[in-house]
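Let's work through some of the terms used for a protein model, one question at a time. Have the picture ready as you read.

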Amino acid sequence: MATVRFIGVGEPKPKRNIRISPKLAAYLQAAPLTLILGVFLALPLLMILVVSFWDYDFAQMYPDFLTMNYVETLGSWVTWKTYLNTLKFAVLVWAITLFIGFWVAYFLAFHIRTMAMQMVLFLVCTVPFLTSNIIRMISWIPVLGRNGLINSGLVNSGLVSEPVEWLLYSDFAVVLAMVHLYTLFMVTPIFNTLMRIDKSLVEAARDAGATSWQVLTNVIIPLAKPGMAIGTIFVVTLVMADFSTVQVMSGGQSASVALMMKNQMSLLQYPAAAANAVVLLILVLSMVAGILRIVDIRKEL
Amino acid sequence: MSKAAEIEIASVSKIYGNTTAVHAISLKIPAGSYCCLLGPSGCGKTSTLRMIAGHESVSGGDILLGNKNVTDLAPAERGTAMMFQSYALFPHLDLVENVAFSMKMKGVDKETRRAKALDMLKLMQLEPYASRRPAQLSGGQQQRVALARALITDPEALLLDEPLSALDPFLKIRMRAELKKLQTSLGITFVHVTHSQEEAMALADIIVVMNDGRIEQAAAPRTVFERPATAFVARFMGDHNVISGRATSSTPSGLSLTVPAGGTFSAPACGMPEGDPVDIAIRTDRVQIGKAAQDGLGFTGSVSNIEYRGSSVKLTATGAGIEEFTAIISDREFFEQPIKVGEAIQLSWHAGDVIVLGKAQ
């Protein structure tokens, strides 16, 4: 005769008694992330901060506590000009990506009817990002160059007699490449916020007599602000830290803060580069703080 | 504020691709009345409301408000205001700005529109919350803000899309009373979409029962309950037993119908030809325990379920080819002679309580 045993009936298995106090458990749970952030973020930052006060010559660094690096960095006219130039790129790229990003996201969220199509088109937007940044950037060169696609087209059609010079190796080329690289960082968060807008809000606005433009300015844009703020943070921080795009697309004729740091490092002036990095970090963090003050993004997170 | 408008729907239909949501319905809602569009989900009641509001295009037919054809007008030009199911309050605006939204769109200056919105909020007893955002309010308060926002446009008709569905049962009953009071004091036409027959009965001057894109019956609540037009209405309104069968004899003095593999019941004459399928309804509270006074006005069945409801007891019985027959018996009557599940029981009713149901058009 078969015996039937019900699960949970009968003698319970002996319980293993490992008791961890709730306090210790909490610390243990937080430990892995703390470790990663500590080793890969806090420690390097601390090192940069420390090194920025060191002394150096052409071959070596000397542990010290000097403010010389900061004095040189902030006292130099070149630094200020470079910062201004970087900020100029940041503002231009931000304005253009915001404009393009908003309309792409708006089109996806409000004009594409089916969810499946929305997702397909959104994935299409991300396809260029499957290639490397550098390749996408470099592929502009044959398009914009002196004998590139655009110039040969213009010359052959007789619109201009000589190739247009400012297409490549100019601020225009830098901004164009950056817009190309960073627009998706604007599209994604804005699309995300727009998708969460209850469509009945648009109907309610129409019921109250709002025109399409009024719906946009009074309902959709105010509600898309958190997404715009997140996109802005992405784009601004990326542009402020960019050196490769500036170097490649300006052909060395334009400067950015990160490019300046790279040059300092290639001259083994690590403490000077570190001081520069600290200044840039403070500037970018205060910009992010400013954005967070203006727009409340907590709802999006 | 009282310039109510009659709403007339003339063979209006709505077609989405291959599916027809509304089949050429016609309806007249008198000025100043409270009309409930009632039906199960997917019956076309919300589509109908949205077509009246102008948020859905009309595939065929005309909609008249007052004596004006509004079929092709924008929502705001119709003189209607809509209250949305989830209220659709603007989350980024405070209450005053929410209520003043339509005036802002018209370009009314800030002082005037704020003053007017505050007056409206005062009327809705929401003044203390004027500077709050909708998310900081309770469901009932949000509903009042939505009402204030809709009413500030001074509409001739207010359209409400399941306005009470988001509230808890207790609040639902309170807000229901407030809606009725508001409609009475404003005197404008209210069109209210609901799937709750209880809500419709409590509020409406006219109930429009819809099913599958068609109107089954449009009448006063009492008529709908006491003389349901079709089997669907009788079942949907509840508290009715529907018996389906075929007319076996039809004479000017009466009709008798036979349930397949079951009993024969008598009903008042209705000119139905013999052999046709026919449905009759008997209200559950008009059924008694005991032998029928006359053949065809009762049957013997076995009790399949008993539910105690306080003042009454709900008996469900099976027999004479009827799957489920419900009787509501007063608690006193039941406990004088208690019955158990599985026992045989005689149920009967009066000839005057039999309603012959028609077919849907």
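Two strands pair if DSSP finds at least two bridges between them, and strands (E, at least two residues) are DSSP runs, numbered from the N terminus, as are helices (H or I, at least four). This is a predicted model, where local features need pLDDT of at least 70 and side-chain atom pairs count only at pLDDT 80 or more, while totals for chains, interfaces and linings use all residues. Residues are numbered from 1 along each chain as its sequence is written, and chains are lettered from A and ligands numbered from 1 in the order in which they are written.

Q: How do you know that β12(B) and strand β13 (residues 264–267) of chain B pair?
A: Four bridges join them, and pairing needs at least two, so they pair. The two strands run antiparallel, and B:Leu255 stands opposite B:Ala267 in β13(B).

Q: What makes strand β11 (residues 240–251) of chain B a partner of β12(B)?
A: Five bridges join these antiparallel strands. In one of them, B:Ser249 is partnered by B:Ser256 of β12(B). A hairpin through two residues links β11(B) to β12(B).

Q: Why are α9(A) and α10(A) called oblique?
A: Helix α9 (residues 199–207) and helix α10 (residues 212–240) of chain A have axes that cross at roughly 135 degrees. Angles under 35 degrees count as roughly parallel, over 145 as roughly antiparallel, 65 to 115 as roughly perpendicular and the rest as oblique. The helices are therefore oblique to each other.

Terms used
Axes fitted to C-alpha atoms, helices over the stretch in contact; angles between N-to-C directions.
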